[in-house]
Amino acid sequence: MDGACGPWSQVRYIVAGRTAGALNTDYNGDGYSDLVVAAPESSNHVAQMAGQVSLYLGGPTLSSVPSLVLGSEKQLDEFGATVAMIGDVNGDGFGDFLVRSNGDEGTIGQAPTPHVSIYFGGTNALTPPATLTAGIVDDENMAAAGIGDVNGDGYDDFAFGAVNAGTDHTAILPARVEVHFGGPTLRDAADLTLLGMAAPDFFGSAVAGGGDLNGDGYPDFVVGSHQNGNLVRVYFGGPAMDDVADATLPPPS
């Protein structure tokens with residue numbers, strides 16, 4: 001070869017540095033970060049590919065036995081299709097986590113109802129999750145991440161992508177990323193919606209918190225797309241943040 005770079009690989013995952021401890025990932029408040037792991041295509045005695053999510057609590061040693069197991073009994077629900085530790089979104093001092101479900105696809109004549117569930121941390125028994133359904137689509141390309149307190153109101157925020165896909169899983173509309181601001185209660189609808197450039201660019205197939213990239217005191221985040229240029233878009237946090245990317249990183253030449 002002549003030394004020129006080849007085509008940039010598809011942007012499916014983003015690894016972005018952030019200040020250690022920027023997100024609270026301590027679900028039970030014992031001083032150790034915790035880990036959530038999903039098996040969305042696992043089956044049980046009730047349904048095929050219902051899905052299962054396991055929470056492993058950190059400590060001096062890490063047990064191979066999960067401390068909490070959540071599952072679905074819906075056919076083809078794929079509970080755990082996306083999971084993410086998202087920080088302390090309700091401001092109670094405990095880390096929370098997100099689980100996406102594709103919805104029951106096993107009912108003939110009924111469209112699936114995908115949703116995102118937010119499980120709040122604490123020292124007591126598991127509390128009912130906050131369930132978001134507005135604008136959620138069934139799509140395996142959706143990524144999610146805690147992005148820190150991007151609007152500076154004292155609550156951690158989170159974002160997830162959604163590719164508007166047809167029945168054959170080809171994108172038919174510009175993809176989007178929904179940003180939800182934390183608070184004592186969560187709104188079902190997104191607080192900020194970011195749109196991709198055109199279909200199919202799979203905008204939102206990668207989402208990650210980026211820390212405070214521009215030094216203004218607010219954390220920022222990045223969104224990747226793996227079509228139409230393989231671009232990464234950077235959004236700066238702030239009290240008046242909008243849906244316009246503040247920087248666009250092209251693929252290397």
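**Strand pairing, cores and salt bridges in a predicted model**

Strand 6 (residues 115-119) and strand 7 run antiparallel and are joined by three bridges. Two strands are taken to pair if DSSP finds at least two bridges between them; strands are DSSP runs of E of at least two residues, and helices are runs of H or I of at least four, numbered from the N terminus. The structure is a predicted model, in which local features need pLDDT of at least 70 and side-chain atom pairs count only at pLDDT 80 or more, whereas totals for chains, interfaces and linings use all residues. Residues are numbered from 1 along each chain as its sequence is written, and side-chain values use heavy atoms, with hydrogens and water left out.

The protein contains 15 strands and zero helices. Of its 253 residues, 47% are buried, where buried means a relative accessible area under 20%, exposed means over 50%, and partly exposed lies in between (1.4 Å probe, protein chains only). The accessible surface amounts to about 12100 Å², and carbon and sulfur atoms account for 54% of this area; accessible areas come from the Shrake-Rupley method with a 1.4 Å probe, and for residues only the protein chains shown count as cover. Among contacts with a separation of 6 or more, 50% involve residues 24 or more positions apart, a contact being heavy atoms within 4.5 Å.

Strand 4 pairs with strand 5 (residues 96-101) in the antiparallel sense over five bridges, and Gly87 stands opposite Asp96 of strand 5. Five of the six residues of strand 4 are buried, so this strand is largely enclosed by the rest of the structure. Strand 5 is in turn antiparallel to strand 6, again over five bridges, with Val99 opposite Ser117. On the strand 7 side, Val116 faces Leu132, and Ala130 is the bridge partner of Ile118.

In a regular strand, side chains alternate between the two faces of the sheet. In strand 6, His115, Ser117 and Tyr119 point one way, Val116 and Ile118 point the other way, and all are buried. Because five of the five residues of strand 6 are buried, the strand is largely enclosed by the rest of the structure.

The largest nonpolar core comprises 17 residues, of which Val177, Val179, Leu194, Phe203 and Phe221 touch the most other members. Such a core is a set of buried Ala, Val, Leu, Ile, Met, Phe, Trp, Tyr and Cys residues joined through side-chain atoms within 4.5 Å. At least two of its residues are supplied by each of strand 8 (144-148), strand 10 (176-180), strand 11 (192-195) and strand 13 (220-224). Leaving aside neighbours within four places in sequence, the contacts of Leu194 include Val177, Val179, Phe203 and Phe221, as well as Arg176, Asp242 and Asp243. Another core, of 14 residues, lies apart from the largest one and has Ile86, Leu98, Val116 and Ala130 among its members.

Two salt bridges are counted, each defined as a side-chain nitrogen of Lys or Arg within 4 Å of a carboxyl oxygen of Asp or Glu. In the Arg176-Glu178 salt bridge, the closest N and O atoms are 3.4 Å apart. Arg176 is buried at 10% relative accessible area, and Glu178 is likewise buried at 4%. The other salt bridge joins Asp191 and Arg187, with 3.0 Å between the closest N and O atoms. Here Asp191 is partly exposed at 29% relative accessibility, as is Arg187 at 48%.

Most residues other than glycine have a negative phi. Met49, which is not a glycine, has a positive phi of about 50 degrees. Met49 is placed in the loop between strand 1 (35-39) and strand 2 (52-56) and is partly exposed, with a relative accessible area of 26%. Glu78 also has a positive phi, near 50 degrees. Glu78 is found in the loop between strand 3 (68-71) and strand 4 and is buried, with a relative accessible area of 17%.
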